[in-house]
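Have a look at the sequence and the structure first, and then read on.

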Amino acid sequence: MGDAMNVEVKDINKLFETDGYLRPFEREIRRRHGVLQDWLNRINQGEGGLEEFSQGYKYYGLHFQPDNTVIAREWAPGARDVYLTGDFNNWHWESHPFKKLEYGKWELVLPPNADGSPAIKHLSEIKVIIRNHSGQLLDRLSPWAKYVVQPPKSANQGVNYKQYVWEPPASERYQRQHSRPARPKSLRIYECHVGIASQEPRVGSYDEFADRIVPRIKRQGYNCIQVMAIMEHAYYASFGYQVTSFYAASSRYGNPEQLKRMIDVAHSHGLYVLLDVVHSHASKNVQDGLNQFDGTNSCFFHDGARGEHSLWDSRLFNYVEYEVLRFLLSNLRWWHDEYNFDGYRFDGVTSMLYHSRGIGEGFSGDYNEYFGLNVDTDALNYLGLANHLLHTLDPETITIAEDVSGMPTLCRPVSEGGIGFDFRLGMAIPDKWIELLKEQSDDEWNMGNVVHTLTNRRWMENTVAYAESHDQALVGDKTIAFWLMDKEMYTHMSTLSDASMIIDRGLSLHKMIRLITHSLGGEAYLNFMGNEFGHPEWLDFPRVGNNDSYHYARRQWNLVDDELLKYKYLNEFDRAMNELEERYGWLHSGPAYVSWKHEGDKIIAFERAGLVFVFNFHPNRSFTGYRVGTNWAGSYQAVLSSDDPLFGGHNRIDANCKHPSNPEGYAGRSNFIEVYTPSRTAVVYARVSD
């Protein structure tokens, strides 16, 4: 993002020739780069380039021609025959056969009706019928379906999704009104879910999210939203991670035009919009998913054990199959071109690289783990192709990898032999905070260990830091707020209630944990919807185990809007923290310099972006005249204090007090300032004069 993290090596071969000898991992990087180049050459020669190859959605699926002829195409290499049926032919399964083309492709041309209208209308229900090699007829949904809907329970038609043709007249198509905002220099991400954004116990809608939630996100100082569970998934409780229809926007929240409006509204508020994309695996659903589409166990997936993810009970893609690559790369292009998404968070990257060969998630950091036979290089090649495609088509695109392995070069450009992601998630950070909250009292926290976790990331590979995400909010775990305050949140979050040491401690540490993660943990920051104000309890989607209840599948915005509740304090601190970052830009300014980690005092101090950060994690000791090193001479003043009454603090920091630097060296820095650092308080100082 910033200059410190944006060093580019133009020629990978020159890089490798600098020392004359290639170490094994360097040799493997070059080999992988060569494989990717071979794929690009094959696509260039056979398909006219990646630009053409990645527009499979313009060839496959259902297409209406200017004269109202309808053309349907599918890829079903294992099928003996393919048919199209639906309302248009009174559900006669075999009356409209496809013509078999080469390479497993099938085509059907439907001429217009006698009156010139198309044979298939907008919102007609259709199905693809596959005859397998045993002669059985199997009903399927097209992998390229744009709109699929689960029938209401009252219809008594089962639970399988149905495909409806989405070809609205021009008057009903949403027209974009706003241009995309500029790519943020500092990325402050609001992770969100449209369905649970409703305060009421029901599924929220695209329109409600656009009108009610987007303005909240903007006010909080975020400049990017990462939207989960958009790709259609039959099982709501999967959080969107068991995708059944990859080209369909989830109809639970509304129709495709309403999603386009939601994204446009977000753009009008200056927000980048990222899609949570799941290309690591797919749902096992057969009748309304990709599984066994052509009547075989392979098609889009590996056959046998390599095509099964035993932990997730899902299917694994065959990334060396030509048409599978076309399907997945075109899928990325589709969401960008059709809906105007600005980038992607790739879910399950670690699983793609390791789990498909049965490798667990324990990583020692040994390079043999990253450049040996344990790695699924087919999946790695796909990710490189995907990033190359996205950044070539749109250099402003942002891609984020959900990776816990620490794979080297994952976030370096493809031109260097990297995989091309812009960021990886700092997944060790939330794990560390939950570990500390579960297993130790805060007077036992090791400051060096905290700093190590927050700073232990690959040089020149950008990291998204976060204290907690949706993972920690799910039933079976607890949010940071709930770990800190638990049942006290039900009785002592009112500003009128008796003072509570548990609530006081919880509010203090909640703010400190988030600020130190934001300022020290990476080159971008992420927060999950509602956690900014300490949303109580957990997330639990309606399912058999909770009697299909929506009680925990919502966000209680009324808590933060109530002036008599203390949630407002955490919310205001979150906003102030983001606004300070916007002003000084520490996320894109290069890594911090940590000058002080004192175990006895429980103090951490560091410099970043011209600011001096001081954290006192001690539960009861405050210090006056505490020396803090800085390399920048001048007079300093507090610009953010977690102890401010606006944030529920005790007002122990005088924001008007100036702290002149002393030129004597201290803590490895050329100057120091003396400050008052109260217990369980974080203060940020800025230089106000030379």
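How many salt bridges does the count come to by the rule used here? The count comes to 51 salt bridges, a salt bridge being a side-chain nitrogen of Lys or Arg within 4 Å of a carboxyl oxygen of Asp or Glu. Side chains of opposite charge can pair when their charged atoms come close.

Before the details, a word on the ground rules. This is a predicted model, in which local features need pLDDT of at least 70 and side-chain atom pairs count only at pLDDT 80 or more, while totals for chains, interfaces and linings use all residues. Residues are numbered from 1 along each chain as its sequence is written, and side-chain values use heavy atoms, with hydrogens and water left out.

**Some of the salt bridges**

| Pair | Closest N to O distance |
|---|---|
| Arg219 and Glu572 | 2.8 Å |
| Lys568 and Glu563 | 3.3 Å |

Take the pair of Arg219 and Glu572. Arg219 sits in helix α4 (residues 206-219) and Glu572 in helix α16, so their pairing ties together parts that are 353 residues apart in sequence. Helices here are DSSP runs of H or I with at least four residues, and strands are runs of E with at least two, numbered from the N terminus. Arg219 is partly exposed at 45% relative accessibility, whereas Glu572, at 14%, is buried; buried means under 20% relative accessible area, exposed over 50%, and partly exposed in between (1.4 Å probe, protein chains only).

Glu563, the partner of Lys568, counts as exposed at 55% relative accessibility. Salt bridges with shared partners also join Arg80, Asp81, Glu94 and Arg131 into one network.

**Where the domains meet**

The chain is divided into domain 1 (187-584) and domain 2 (593-688), with bounds from an automatic or database domain assignment. Their centres, taken over C-alpha atoms, are 33 Å apart. The contact (heavy atoms within 4.5 Å) takes 29 residues from domain 1 and 30 residues from domain 2. Between them the domains bury about 2700 Å², 71% of it on carbon and sulfur atoms; buried area is the accessible area (1.4 Å probe) that two parts lose on being put together, summed over both. Met447, Met512 and Tyr584 supply 25% of the area that domain 1 buries against domain 2, more than any other three residues.

Across this interface the rule finds 1 salt bridge. On the side of domain 1 that touches domain 2, α11 (447-455), α14 (501-520) and α16 (567-584) each supply at least two residues, and the largest share, 10 residues, comes from α14.

**A buried aspartate**

Asp342 lies in the loop between α6 and β17 (343-346). Is Asp342 buried or exposed? With a relative accessible area of 0%, Asp342 is buried. Leaving aside neighbours within four places in sequence, the contacts of Asp342 include Arg180, Tyr272 and Glu396.
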